[in-house]
Amino acid sequence: MLLTSRTAAPRPKALRTPRIAAALLAATASAALVAASAPAPATSLGIGDPLFPHLGNPGYDVASYDIAFTYRGDNRKPLDAVTRIDAHATEALDRVNLDFTHGTVRSAEVNGAPADFESSGEDLVLTPATPVGPGERLEITVRHTSDPVAPKGAEGGWLRTGDGLAMANQADAAHRVFPCNDHPADKAEFTFRITAPKGLTAVANGLPVGTTRHGATTTWAYRTHHPMATELAQVSIGRSSVLHRKGPHGLPVRDVVPTKDRKVLERWLKKTPGQITWMERKVGRYPFEVYGVLIAHAQTGFELETQTLSLFERELFTRPEYPEWYVDSIMVHELAHQWFGDSVSPRSWSDLWLNEGHATWYEALFADERSQHSLTQRMRNAYQQSDDWRAAGGPPARPKPPAPGQKISIFRPVVYDGSALVLYALRQEIGRPAFERLERDWVRTHHDGNAETADFVRAASEAAGRDLGGFFEGWLYGEKTPPMPGHPDWNSGK
C-alpha cells in the first residue's frame, strides 16, 4: 500500500524492497493520472437567468425541434415520444445538458452514435461518443416517455382536459414534456407529429403539413414558420373541431374547440378577425403564419399566449357573470402577446414586464376604445396600488424571485397593471405620436428575436429624441412609484 499522508510514519516492510516499492509507486502514479483525467460527475447547468438560474443550458444554440408523441387515449398514462434536436455547438462539449424531467429516457444519440445519459436535478446529461467542437453541428435524438400526470406540487407541462390533453408550459415547464433548452433566449423552429386514436383530433403550433391514417390511429403533423420559445409550445389532443375563417390580408384563422361546444362558442370565435385588424392598426402586421384560439375543457384559472394558438379555458366564455367587454379584452390580451412576448421574446425572465405590461396595455386600450371602460381611470386605480405592488413583487424590471415551489408566482400584479402603468407614464412623458411610433418600431426591429429592458429604454429614447434613462430608472427600478406626468393630483399611496 502507499500512504498518502505526509507525516513520518514507519515504513511497511514490503516497501523496503526497492523493486517492489518502485512498482507500487508507478502503479499509484498511474491510478492518480487516471483519476485526474476522469470526467467530473454530471451536474445540472443553467444560463444564469436572474429568476431561474438553472434554466436553459450553455454551449449550444438550437435551430429546430422535431417532436413525435404517441397518445393512446388515456390522459393519465405516459405518451411515447421521440425528440430530435438540430443545433450547433457554441463551445467545445464533451457533455450536453438538456432540460428534462418527469419522463423516462429509453435511449439517446448524439450525431448518429449512441450516447450515455444520466439525470442531474432537472437536467438530462448526455455524453457523446465523440466530443463536439465549437461550431460543429449537434444532432440529438432522445427516445423517452412524456407523463401527463404532474408530480405533486408541480406547475405546468401537460394540462389534462375533459377529453384529452393540452400544454401550459409557462414559465419553465416545457422540460416536463420534452427534452429541450427550456429558456426563451434560445428560440427555434418546431415540427410536431402526434399519433392519436380514431375519433380524436390533434392540433399544434403552426400550420398542418400532413395527416396519415394507419389502422385505428392517425398521425397529424404541424410545423412553425417562425422561431418559438419552448414555453410557447402547444399540442392539443381531444374530441375537437377545427374551425377555419379568414383574417386580415387573407390570414388563416384556425380555432380548436370541443366539438359539443362549437355552436355556443361561435359568437366569440367570430370576433377574432376584427381583433387582429384592431391590433394591426396599433402596431403593424400580425407576425405569424396563422392565429386562432384553443378552448380547453379544463379549469385552469389562466389563459396562455401559446404561439399562433392561444389557450383559453372554456369557462371564460360560458359563465354568465363575465361581461362581454371583459371577455373581449382578455381575448385581445392573449392576441397582443403574439407581438409582445412571442415574436419579441424576453432575453431573461426579468424582462417579463415587456410581455405582460404590453399585453395588459392593449387589453385596457381595447376596452377603452370599444366599450368605454376608461383607460385613464384604470391607470389611476393602478397608480394608487402601485407602491404596494412594488413592495410585494419588486419593481417592474427587477422582480423578486418566485416563491419556493411556486414558479409561476412571478406573475404578480406589478407585471400586469403595474407595468402597463409604466407604458401609460411613458405616453404621458413623450406624447402619443412618439409612443405609437415606438411601439411599431419595437415589434418590427425585434421581430422573431429576443430583446431586453435596456433595448426598450434605448428605443424609447430614440423615439423621444432625448435620453430617457432617468425617467425609466424610477419607473422600472424604483421601490416607490414616481409622480405621474400630467397628473400631479394622482396619489400612489405614499
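**Close-ups of a predicted model**

View 1. Five nonpolar, three polar and two charged residues make up the lining of the second largest cavity. Here Ala, Val, Leu, Ile, Met, Phe, Trp, Tyr, Cys and Pro count as nonpolar, Asp, Glu, Lys and Arg as charged, and the others, Gly among them, as polar. Look for His 102, the run Asp 147, Pro 148, Val 149, Ala 150 and Pro 151, then Gly 156, Gly 157, Trp 158 and Arg 176. The volume comes to about 50 Å³. A cavity, on a 1 Å grid over the protein atoms alone, is a set of points where a 1.4 Å probe fits but cannot get out, and lining residues have an atom within 4 Å of a point. Points are joined across faces, edges and corners, and the volume is the space filled by probe spheres set on them.

A word on the model: it is predicted, so local features need pLDDT of at least 70 and side-chain atom pairs count only at pLDDT 80 or more, while totals for chains, interfaces and linings use all residues. Numbering starts from 1 along each chain as its sequence is written, and side-chain values use heavy atoms, with hydrogens and water left out.

**View 2. The largest cavity.** Searching the whole structure turns up three cavities of 30 Å³ or more, and the largest has a volume of about 80 Å³. It is lined by 14 residues, and the closest to its centre are Asp 163, Ser 236, Ser 240, Ile 295 and Ala 296. The lining splits into eight nonpolar, five polar and one charged. Strands β15 (235-238), β17 (252-258) and β18 (293-296) each supply at least two of the lining residues.

**View 3. Strand β1 and its two partners.** β1 (residues 60-70) runs antiparallel to β2 (residues 79-89), with ten bridges between them; Ala 68 sits opposite Val 82 in β2. With β11 (residues 189-197), β1 pairs in the parallel sense over seven bridges, and Asp 66 has Thr 191 of β11 as its bridge partner. Strands count as paired if DSSP finds at least two bridges between them.

**View 4. Stepping back to the whole protein.** There are eleven helices and 21 strands, which are DSSP runs numbered from the N terminus (helices H or I, at least four residues; strands E, at least two). The C-alpha trace spans about 100 × 65 × 40 Å along its principal axes. Of the 494 residues, 54% count as buried, meaning under 20% relative accessible area with a 1.4 Å probe, protein chains only.

Technical notes: On a 1 Å grid over the protein atoms alone, a cavity is a set of points where a 1.4 Å probe fits but cannot get out, and a pocket is an open set with protein on both sides within 12 Å along at least five of seven lines; lining residues have an atom within 4 Å of a point. Buried means under 20% relative accessible area, exposed over 50%, partly exposed in between (1.4 Å probe, protein chains only).
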